[in-house]
Amino acid sequence: MKQLFAIETNEQLPSLQSTGDRLFQQLITYKDKLHKEFELNEVPSAVLWTTADLATSTFSEIPIPAFTSRNMIIMSPDMEEWKRLFKMQLEEKNLPEVQSFYENLSENHILVILAHELTHHINLFPDEFEEYGDSIWFEEGMCFYLPPKLLLTETEFTTITEVEERLVQEFESKHGKHDLEEFGSGAYEGSLTSIMYDYWRSYLRVNQLVEGPAKGDVHTVFKWYNEWHQTGKALSFTKYLLLNPRINLHNTI
């Protein structure tokens, strides 16, 4: 992978390059781990570092300055911009512990976002880069799960889980308990929170699968996912999990 930079003014380059270099070197280590343990056989050609404004206006129209395609990861490494974005998710709700968490994010949490984008490239997702394929919630949830699990301390991982549980509880009355198979339907509302709500729920569901019936083994969950895929996906992955007696999921979700 290469590093590329997209800027509007020369003054933007030093900060992008300094942070980008640090994150990129750590990403290479994460890449090697994915290659050894999670079938990362092909990687994007480059990480393109840019500003949050360019990421969300020129390179994309989504309000989140990190995304990937088959060939390139595009991301802003601007810590202050990410803090602002995360706090926007709260929609001015009084959640002091969550706000404090966002205000005190470390660079490791930005690394997790970058690693999320690379995780999409592992071959354990058979529908790789098909536009919102069947049961996309699982891929998104797993891409939320693996990076903090592999890159952060146990305490940091637990804190992230608690924050996302709190956010789901807080916004459930507004955004509902719809089936995870409807992942992305909230995006049509246009708010950042409506988009992120399904990501939080998907992450928590994957965490429940790994820590519950899979007994801590993430590869077991991938095995179920690929078994489902090989059945021809006549049922949604959610229904497959619920109806499979070997998994015994009813007491988990």
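Student: Which helices each supply at least two residues of the lining of the second largest pocket?

Tutor: Helix H7 (154-175) and helix H8 (192-211) do. H8 gives the largest share, five residues. Helices here are DSSP runs of H or I, at least four residues long, numbered from the N terminus. This is a predicted model, in which local features need pLDDT of at least 70 and side-chain atom pairs pLDDT 80 or more, while totals for chains, interfaces and linings use all residues. Residues are numbered from 1 along each chain as its sequence is written, and side-chain values use heavy atoms, without hydrogens or water.

Student: What makes a residue part of that lining, and which residues line the second largest pocket?

Tutor: A lining residue has an atom within 4 Å of a pocket point; on a 1 Å grid over the protein atoms alone, a pocket is an open set of points where a 1.4 Å probe fits, with protein on both sides within 12 Å along at least five of seven lines. Among the lining residues are Glu 165, Lys 177, Arg 201 and Asn 207.

Student: Why is Thr 119 called buried?

Tutor: Thr 119 has 0% relative accessibility, and buried means under 20% relative accessible area (1.4 Å probe, protein chains only), so the label applies. Thr 119 belongs to helix H5 (residues 107-119).

Student: How do you know that the side chains of Thr 119 and Tyr 30 make a polar contact?

Tutor: They are joined at 2.7 Å. A polar contact is a pair of N or O atoms within 3.5 Å, one able to donate a hydrogen and the other to accept it; residues adjacent in sequence count only if both atoms are side-chain atoms.

Student: Is Phe 86 buried or exposed?

Tutor: Buried, because its relative accessibility is 16%. Phe 86 lies in helix H3 (residues 79-88). Leaving out residues up to four places away in sequence, Phe 86 touches Tyr 102, Leu 105 and Ile 113, where contact means heavy atoms within 4.5 Å.

Student: What makes the span of helix H6 close to the expected one?

Tutor: H6 (residues 136-151) has 16 residues and reaches 23 Å from its first C-alpha to its last, against 22 Å expected. That expectation is 1.5 Å times one less than the number of residues.

Student: Why is H6 described as largely enclosed by the rest of the structure?

Tutor: Because 13 of its 16 residues are buried.

Student: And what covers the buried residues of H9?

Tutor: The cover includes H6, H8 and helix H10 (237-243). Among the buried residues of H9 are Phe 222, Trp 224 and Trp 228.

Key: Buried < 20%, exposed > 50% of the residue type's maximum accessible area, 1.4 Å probe, protein only.
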